[in-house]
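Here are my notes for a first look at this model. Please keep the sequence and the 3D view open as you go through the points.

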Amino acid sequence: MFFTLANTFTEELAFQEGTINWATDWWKCIIIGFSGLLFLFLCVKLALYILRIVGVVLCVAVGSAGAWVSKLLLSEKIAEYLPESAVPYAPVLASFLGFLVCFSVAVCVMMLIRKPAQPMKKNK
């Protein structure tokens with residue numbers, strides 16, 4: 001069903017004898033042109049979504065690396081300031097703080113990178 005419909009559609013849009021007769025084929029050129037513009041628009045949108053996902057993945061990766069490093073470096077120092085009952089949770093707290101700090105820095109850097117790509121607002 002779908003293939004016969006697609007085949008009929010392509011036969012209808014095909015140019016006769018391989019040349020363009022502007023008197024009868026102008027509407028085919030308009031359809032092909034708008035289809036090309038729509039394809040280009042959708043490709044740009046898809047690229048923007050992919051870049052946004054890459055930015056989020058990079059921010060989470062930097063935050064995770066910061067959590068790992070802070071767990072190794074800050075667990076004992078944070079344990080000194082905690083009460084005895086909370087000392088086992090010092091690595092978790094160090095990891096959480098390291099993730100928050102590194103993730104926040106990565107988000108700020110990504111916002112600075114993205115800022116020049118946005119158009120400037122005009123004063124009224």
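1. Let us start with Gly-63, which sits in helix α2, spanning residues 22-81. Helices here are DSSP runs of H or I with at least four residues, strands are runs of E with at least two, and both are numbered from the N terminus. Gly-63 has a relative accessibility of 0% and so counts as buried. For these labels, buried means under 20% relative accessible area, exposed means over 50%, and partly exposed lies in between, using a 1.4 Å probe and protein chains only.

2. What does Gly-63 touch, leaving aside its neighbours within four places in sequence? It is in contact with Gly-98, Phe-99, Cys-102 and Phe-103, where contact means heavy atoms within 4.5 Å. Ile-113 is 50 residues from Gly-63 in sequence, and the two C-alpha atoms are 18 Å apart in space.

3. A word on the source before going further: this is a predicted model, in which local features need pLDDT of at least 70 and side-chain atom pairs count only at pLDDT 80 or more, while totals for chains, interfaces and linings use all residues. Residues are numbered from 1 along each chain as its sequence is written, and side-chain values use heavy atoms, with hydrogens and water left out.

4. Ser-75 also belongs to helix α2. With 11% relative accessibility, Ser-75 counts as buried. Apart from neighbours within four places in sequence, Ser-75 has contacts with Ser-70, Ala-90, Pro-91 and Ala-94.

5. Now turn to Ser-95, in helix α3, which covers residues 90-114. Ser-95 is buried, at a relative accessible area of 17%. Setting aside neighbours within four places in sequence, the contacts of Ser-95 are Ala-67, Ser-70 and Lys-71.

6. Is Leu-40 buried or exposed? Leu-40, a residue of helix α2, is exposed, with a relative accessible area of 52%. Between Leu-40 and Leu-74 there are 50 Å from C-alpha to C-alpha, and the two are 34 residues apart along the chain.

7. On the cysteines, the structure has zero disulfides, a disulfide being a pair of cysteine sulfur atoms within 2.5 Å. Cys-102 is partly exposed at 25% relative accessible area, and Cys-108 is partly exposed at 46%.

8. Stepping back to the whole chain, you will find three helices and zero strands, in the order α-α-α along the sequence. The radius of gyration is 28 Å, well over the 14 Å that the globule rule gives for 124 residues, so the chain is more spread out than a compact globule. That radius is taken over C-alpha atoms, and the rule is 2.2 Å times the number of residues to the power 0.38. Along the principal axes, the C-alpha atoms fill a box of roughly 90 × 50 × 20 Å.

9. Buried residues make up 13% of the 124 residues. Of the contacts between residues at least 6 apart in sequence, 48% join residues at least 24 apart.

10. Finally, the surface: the protein chain exposes about 10,700 Å², and carbon and sulfur atoms supply 75% of that. Accessible areas come from the Shrake-Rupley method with a 1.4 Å probe, and for residues only the protein chains shown count as cover.
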